[in-house]
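Have the viewer open as you go.

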Amino acid sequence: MSPKPAGAATRRCHLISEGRPSMTGPVSVGDAWATTNPTLCQGVLMALVQAELLRDALRAQTDQENPILRYEEAALGPFNETLRFWERNRLAEIYTRIRGGRFYGSAGWTTAKALEAATPADPEVLTAMGDIGSMLVSPEEALASPGVVGRAMSVGADAPATGLRRAELVGTITR
Ligand SMILES: Cc1cc2nc3c(=O)[nH]c(=O)nc-3n(C[C@H](O)[C@H](O)[C@H](O)COP(=O)(O)OP(=O)(O)OC[C@H]3O[C@@H](n4cnc5c(N)ncnc54)[C@H](O)[C@@H]3O)c2cc1C
């Protein structure tokens, strides 16, 4: 029996349906709201930021407005979408390489790879990626800063690899 390939870990539980909470009482934060891929080390941060967002929504509560809707609207959807995009493409890339192929992906994935490669090489890209990783600004906002994506595309192609290549890793652990 062959081992089951690792699958997606980034999943979101939607408790809002047609603009209304599907149940009253429970509110989800942390992994109950969405799980993230552990390799990105963002789960605890996401839970803490959500706790703050929920606190703010409850403090701003009015009789006319459901605080849970306010919280859900603020609750990090764009970050979750970005993490899902990254994970989906990274898994496809890994399994394509295991089969000996080369994964190309979309233009968005090419940009993501360039940003990743340019992060250790360019201070502006590093700042933008740090802001996203720390959840200080949304991915859209950080990448809209003038020149960030352009710099990544020009620097990223020539930046040295920061990790082991697959053959090097396999060679190291099977030595
Ligand atoms: C291998 C791995 C590595 C990770 N590395 C990182 C990292 O480096 N950085 C990072 O930020 N995040 C990391 N994460 C993610 C992070 O651990 C989670 O996102 C975070 O713990 C979520 O917190 P939480 O409070 O939502 O859930 P949890 O930490 O899972 O807390 C839920 C608690 O509820 C309890 N519970 C469950 N059911 C019941 C019940 N019926 N009654 C009473 N109690 C119950 C559980 O026992 C548990 O103590 C990693 C996750 C994994 C799996």
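Predicted model: local features only at pLDDT ≥ 70, side-chain atom pairs only at ≥ 80, totals over all residues.

Helices here are DSSP runs of H or I with at least four residues, strands are E runs of at least two, and both are numbered from the N terminus.

## The overall layout

The protein chain has 8 helices and 4 strands. Reading from the N terminus, the order is β-β-β-β-α-α-α-α-α-α-α-α. Along the principal axes, the C-alpha atoms fill a box of roughly 60 × 50 × 30 Å.

Of the 175 residues in the protein chain, 18% are buried. As for contacts between residues at least 6 apart in sequence, 53% of them join residues at least 24 apart.

The chain splits into domain 1 (1-80) and domain 2 (106-175). Their C-alpha centres sit 26 Å apart. Domain 1 puts 4 residues into the contact, and domain 2 puts in 4 residues as well.

On the domain 1 side, helix H1 (43-59) and helix H3 (77-98) are the elements that give two or more residues. What classes of residue make up that side of domain 1? It has 4 nonpolar, no polar and no charged residues.

## Around the ligand

The residues around the ligand are Gly 30, Asp 31, Ala 32, Pro 38, Cys 41, Gln 42, Gly 43, Val 44, Leu 45 and Ala 47. Sorted by class, this shell has 6 nonpolar, 3 polar and 1 charged residues.

Two members of the shell deserve a second look. Ala 32 counts as partly exposed because it has 13 C-beta neighbours inside 10 Å, and its C-alpha is separated by 9.9 Å from that of His 14, which is 18 residues away along the chain. Cys 41 sits in the loop between strand S4 (34-35) and H1. Its phi is positive, about 55°, although Cys 41 is not a glycine. Cys 41 counts as exposed, since it has 10 C-beta neighbours inside 10 Å, and the cut-off for exposed is 12 or fewer.

## Helix H1

H1 has 17 residues, and its first and last C-alpha atoms are 24 Å apart, close to the 24 Å expected at 1.5 Å a residue. Which residues of H1 are buried? They are Met 46, Gln 50, Leu 54 and Ala 57. Looking down the axis of H1, these buried residues fall within an arc of 75°, so they line one face of the helix.

Turned away from the buried side is a face with the exposed residues Val 44, Ala 51, Glu 52, Arg 55 and Arg 59. Val 44 is also one of the residues around the ligand.

## Helix H3 and what follows

H3 gets the same length check. At 1.5 Å a residue its 22 residues should span 32 Å, and the end C-alpha atoms are 32 Å apart, which agrees. Phe 79, Leu 83 and Arg 90 are buried in H3. Down the axis of H3, the buried residues fall within an arc of 40°, so they too line one face of the helix. H6 is included in what covers them.

After H3 comes Gly 100, with a positive phi near 90°. Gly 100 lies in the loop between H3 and helix H4 (107-118). It counts as exposed because it has 6 C-beta neighbours inside 10 Å. From Gly 100 to Ala 142 is 42 residues along the chain, and their C-alpha atoms are separated by 35 Å.

Where does Met 135 sit? It is in the loop between helix H5 (123-133) and helix H6 (139-143). Met 135 is partly exposed, with 16 other C-beta atoms within 10 Å.

How values were computed: Residues numbered from 1 in each chain as written. Near = placed C-beta within 6 Å. Nonpolar A, V, L, I, M, F, W, Y, C, P; charged D, E, K, R; others polar. Domains from an automatic or database assignment. Contact = placed C-beta atoms within 7 Å. Buried ≥ 20, exposed ≤ 12 C-beta atoms within 10 Å, placed from the backbone. Expected span 1.5 Å × (residues − 1). Arc of directions from axis to C-beta.
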